Amino acid sequence: MKNKKKSFYFDDYAESELNDNNKFNIVKVSLNKVTFLSFIFFSLIIIFGIKIIYLSLSPEKSFVNNNKKKEFVKTRRDIVDRNGSVMATNVILYDVGVRPKLLKEKEKKNLLIKLGLLFPELDLNKIKNKLNKEDFFSIGKRLTPEEKDQFWLIGNKAFVFDAKPSRIYPQQSLFSHILGQTDDVNNGISGVEKFFNEDLNSKEKINLPLSLTLDSNLQYLIRKELINAETNFHNIGSGAILMDVENGKILSLVSLPDYDLNQRVSISDNIYTNKITLGVYELGSVFKTFTIAAGLENKVINSNTVFKNLENSLNCDKYTITEHDKLPKDLSIEQILVRSSNIGAVRIAQKVGIEKYKNFLKTLGILDKINFDLEEIGTPLPFVWGKCKLATSSYGHGITTTPLQLARAYAILGNGGYKIKPSILETKRKPLEKKEQIISRKTSDTVNSMLRKVVSLDEGTANFADIEGYDIGGKTGTSQKYNSKEKRNTFVSLFPTSKPKYVLLVMLDEPKPAPNFLYEFPPSKKFPNGYKHKGEIRNTSGWNAVVVAGKIIEKIGPILAINNLEASIKF
Amino acid sequence: MINHHKWIDSLPKAKKEIIETINQLDYENPLNEIPKKDSYSSVKKYTLLTVIFICGLIFVSIVKNETRNLQKEINNLKASINLIKFNLDQTFLDHEIITTPENISLLAKKYLDIDLAPYKRSQIKQLNDKNEKIVKINKKEKTNTQKYKELYSRPKSIPDKIKTHVASRIKEKKVEIVNIYNEPKSLVTLERAGRWTVIQLVKALLGIPTLPGR
């Protein structure tokens, strides 16, 4: 229409209309084709471009995964001692299973022959039965890579290998009662493994080991001496704890018998309980120290007090309280402790009174359950206080507590009376943290000097622990087991008593007299020609637990780097 | 011919210029009026874009290839690092097990003849006494060497027995020295090396410097 209008004005233009239109159409068609082809071309380019960009950005899954498989990812934190020695760590161990369905009869026979040759310890009859009856069975658990490779090299298609991160304990049984164990899915089921389970599984700290205050070397030496004690005194069990009196850090905690943590065996026998934290016992005369400290603290006695005309025995209800040996009638406070007089202790407790004595023991944390870094904690048995209970408690009978609590109470008496919280977890102490003093310095000093005399004086009950140079003080305790004639002997020592640094508790369960044991001392001030005494029929703490404690201190002293007075003498 | 001016003058003045330009068009050959320049430039533009795009694609593919190679290398390195880490962990664990106090004491029992024990003052005293003895012995040795010096200063006066003895000793020593120079490795025996290692381990356990120094 438009063209027609134009032709109205431009005649000549109108004349050539037909020819021009054809030319325009040709151009239009050619342009449309180019545009269309370009469009397809660009579309293809864009599609391929997008694909290339997509491929460039996407990760190469298969390759990365292959490499990731090789990476060993820790799933639980290591546990180390105060020197950084590994106490528990994770490794990959293998479970090997067999799928008998994949084997023909001949192959089964071949497999049995190969297994018999390579693993003579395997029960082939059992395996033969399982091969014929079961769809799947396990042939080896917690195998090392080398052991797994032995199975792998057999080259049997029926073997199924399952790699699992497993917990191992390089120190084997050294810390068995402290570390505890984990289950198949790496969750703690006892000891530190259970108590710090969440912390040990924390992914943020996975590369930081959980550091404990324990020392492998000290632990080893103490354990070794306790094992030696079993040979010498034939005790059925024993325990020991070494604690820093200033901060309550536990450097060693041993309970025998123990077990290898790497051998997963369910232990149900009571003999395997942790004797230091879980065992609740009557610990005997070691309580006399608290009785005297209570008297001094409540100012009913002082270091010069002398009890005159002490009876040979006392009756309380149907029970008779006697002395363990013939003792002088008149005894000073110091002599009551040194000679371990039962009657003297009863007299002091009677002076203190039930309420004050009870409160004093509560202050020391003897009567309540202790808050500690393990699951296995014993609760002292509750009882009703009365005159007789006060009398027997004064010398440690009819009253129970755990050796851990006993050691803490001695540590408080030794450190100047400051409250401490026993711990096995290494923590940085806050510099501005104020210590709470619960017992006066004077009482602490007096008790320390008396404890020293228990060891150093000839009439003392703990002479065998007088290792020259270490200034050891302590108190013995001999108690009879409930409903048994057997004994439980304890010795709690503080050293050096001039300024106590450590408390060591040694407990022997059911020790026997040692008629063939050679009690000896090297030449010293006390025994210039040395001391030798073969065999002893007495079965009190002084004749076994004290000897063991002395040997322990002799061994661990140099490691603890105490200023050994003997060594510092110049000659 | 059309008289342009006749028509143009009759139109309103405002559109005069436009109409003039229209009139300048080549109506004879309207194909000439198709914007040739524009079509040429658009083709050029598209070609350029295509070339750039294709170059880009090639560049991307090169970069991609390089990246993949690098990624492979990184992954291989990561794999080898993991392997080394794993081996390190294993070695560390082995070290922990070998250096457990129990193992060291077992090794000490097996390889050391010395019975290690904590020292006591009395022992130190004895040691002191021994030192005194050693000092006395040293004094004796000094006087002896003086005698020997005097004796050897006059070689003719030396008895024949001593001369033959000394000669045989010198021969023996010479043979020994020759053997050492010929086979120096024979000095380092497995037993010696083992003993040295165990002593170092025990020293480390007891906190004694493993190598003597200040």
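Chain A contains 20 helices and 18 strands. The model is a predicted one. Of the 571 residues in the chain, 40% count as buried. Among contacts in chain A with a separation of 6 or more, 70% are between residues 24 or more positions apart.

The confidence of the prediction comes next. The average pLDDT of chain A is 86, and 87% of the residues score at least 70. Two stretches of the chain have a pLDDT below 50. One is residues 1–10 of chain A, which has 6 contacts in the model beyond near neighbours in sequence. Another is residues 566–571 of chain A, with 8 contacts in the model beyond near neighbours in sequence. Where pLDDT is low, the predicted coordinates should not be read in detail.

Two packed helices are described by the angle between their axes and the distance between the axes.

Take helix α14 as the partner to begin with. Helix α12 of chain A spans residues 288–297, and helix α14 of chain A spans residues 342–352. Their axes come within 9 Å and cross at roughly 40 degrees. An angle under 35 degrees would count as roughly parallel, so α12(A) and α14(A) are oblique to each other. The crossing in which α12(A) passes α14(A) is left-handed. On the side of α12(A), the contact is made by Lys288(A), Thr291(A), Ile292(A), Ala294(A) and Gly295(A). On the side of α14(A), Ala345(A), Ile348(A), Ala349(A), Lys351(A) and Val352(A) take part. Sorted by class, the residues in this contact of α12(A) with α14(A) are 6 nonpolar, 2 polar and 2 charged.

Now turn to helix α15 of chain A, residues 354–363. The axes of α12(A) and α15(A) come within 10 Å and cross at roughly 110 degrees. The angle therefore makes α12(A) roughly perpendicular to α15(A). Here α12(A) passes α15(A) in a right-handed crossing. From α12(A), the contact involves Phe290(A), Ala294(A) and Glu297(A). From α15(A), it involves Lys356(A), Tyr357(A), Phe360(A) and Leu361(A). In the contact of α12(A) with α15(A), 5 residues are nonpolar, none is polar and 2 are charged.

Ala294(A) belongs to the contact with α14(A) and also to the contact with α15(A). The helix α12(A) is thus oblique to α14(A) and roughly perpendicular to α15(A).

Notes: Residues are numbered from 1 along each chain as its sequence is written. Chains are lettered from A and ligands numbered from 1 in the order in which they are written. This is a predicted model: local features need pLDDT of at least 70, side-chain atom pairs count only at pLDDT 80 or more; totals for chains, interfaces and linings use all residues. Axes are lines fitted to C-alpha atoms, for helices over the stretch in contact, and angles run from 0 to 180 degrees between N-to-C directions. Helices (H or I, at least four residues) and strands (E, at least two) are DSSP runs, numbered from the N terminus. Angles under 35 degrees count as roughly parallel, over 145 as roughly antiparallel, 65 to 115 as roughly perpendicular and the rest as oblique. A crossing is left-handed if the near helix is turned anticlockwise from the far one by less than a right angle, and right-handed if clockwise. Two residues are in contact if their C-beta atoms, placed from the backbone, lie within 7 Å. Ala, Val, Leu, Ile, Met, Phe, Trp, Tyr, Cys and Pro count as nonpolar, Asp, Glu, Lys and Arg as charged, and the others, Gly among them, as polar. pLDDT is the predictor's confidence in each residue, from 0 to 100. A residue is buried if 20 or more other C-beta atoms lie within 10 Å of its own, exposed if 12 or fewer, and partly exposed in between; C-beta atoms are placed from the backbone.
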